[in-house]
Every structure is written in structure tokens, then in C-alpha cells.
Amino acid sequence: MFVALALLGTTRGNETEKTRLAKGMAKAGQLSQDSLVVYSATDAFEDGDVPYYAHSSYAIYTANGKLFKNVANHISSSDEIPEVVTLPVGSYAIEARSERDGYVRMRIVIKAGRQTILDLDASDKESPSGIARN
């Protein structure tokens, strides 16, 4: 019993120390990161008699045109929720597949403290290929 208490006490101390170190070592860029959600075209997947519609993958490019990240946009074929991607504040181009327009490329801006939602098939007079909301 004394051994169990000694091990438990040691483990708790290490976890607290790891948490404290992780918080203290955050970089300035990590503190200002925000998120993006892209509602891209869906791909049908049947699991028995149950159909699922996972969002298709997309690519994120930096303002100068370099590939920043490829996003699967789902965890599995039966996952219908688009992936939330954390990005540093700034301008990007998104290349994704829309149900209505096929492959599209749109510019977005990630703002501090905001989640940007890009719905490629939403209707809007000003943005025929989708709506970006911050």
C-alpha cells in the first residue's frame, strides 16, 4: 500500500510538471493561431445499408502560392463533420471541390480570435463560388 501511494504521488508530480512546461514553452505564433472549417463537396460511402457523406479533401496555400497543408477533411469514410484546422493569422488560398462548381480556388483571411467557415456551395450574390464567414 505504501508503494502504491509513493508511485501515485510521483506520477502526479510529473504530470503537473509536464503541464506547466508545456504552457510555458508556447511560441508567439502558437498563441495567435485560429481555425478554418471548409464545407467541401461530399463523397458517398455506404456502410451496409447506412449511407455516409464525408467531406472531400482540400489544399491550403500560403499567400505566396506555396502548399501549406493538405487536409483530409474527415477522420474516416463515415465521418460527415468537416475537420477544424488551426492556422496562423494571415491570408491563404484554398483549393477544394465544390458540389456545384467542381474544383475552385478561393482566397480567405484568418483573423485573430475568429473561426473562418468556408461553405463552397452556399448561395450568395457577391460570392457565387461560396461564402467565407469570420
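Start with the largest nonpolar core, which has 16 residues. A nonpolar core is a set of buried Ala, Val, Leu, Ile, Met, Phe, Trp, Tyr and Cys residues joined through side-chain atoms within 4.5 Å. Buried means under 20% relative accessible area, exposed means over 50%, and partly exposed lies in between (1.4 Å probe, protein chains only). Select L36, Y58, I60 and I94, the residues with the most contacts inside this core. Then colour β1 (33-39), β4, β6 (84-88), β7 and β8, each of which supplies at least two residues of the core. Strand β8 gives the most, with 4 residues.

The model is predicted: local features need pLDDT of at least 70, side-chain atom pairs count only at pLDDT 80 or more, and totals for chains, interfaces and linings use all residues. Residues are numbered from 1 along each chain as its sequence is written, and side-chain values use heavy atoms, with hydrogens and water left out.

Stay with L36. Which residues does L36 touch, not counting residues up to four places away in sequence? They are Y58, I60, E83, V84, V85, L87, I94, I108, I110 and T116. Contact here means heavy atoms within 4.5 Å.

Next, show the whole chain as a cartoon. Its secondary structure comes to 2 helices and 10 strands. Helices (H or I, at least four residues) and strands (E, at least two) are DSSP runs, numbered from the N terminus. Along the sequence the pattern is α-α-β-β-β-β-β-β-β-β-β-β. Of the 134 residues, 28% count as buried.

Now select strand β7 (residues 90-98) and strand β4 (residues 58-62), which pair in the antiparallel sense over 5 bridges. Two strands pair if DSSP finds at least two bridges between them. Find I60: its bridge partner in β7 is I94. A96 stands opposite V104 in β8. Strands β7 and β8 form a hairpin with 3 residues between them.

Select R105 and Y61 together. The charged end of R105 sits over the ring of Y61, 4.3 Å from its centre. The rule for this asks that NZ of Lys or CZ of Arg is within 6 Å of the ring centre and within 35 degrees of the ring normal.

Move to K66, in the loop between β4 and β5 (67-71). Is K66 buried or exposed? K66 counts as exposed because its relative accessibility is 57%. Leaving aside neighbours within four places in sequence, K66 is in contact with I60 and Y61. Draw a C-alpha to C-alpha distance from K66 to A93: they are 9.6 Å apart in space and 27 residues apart in sequence.

Go on to V71, in strand β5. V71 has a relative accessible area of 2%, so V71 is buried. Beyond four places in sequence, V71 is in contact with S57, Y58, I60, E83 and V85.

The last stop is N73, in the loop between β5 and β6. N73 is buried, with a relative accessible area of 0%. Phi of N73 is near 70°, a positive value in a residue other than glycine. Most residues other than glycine have a negative phi.
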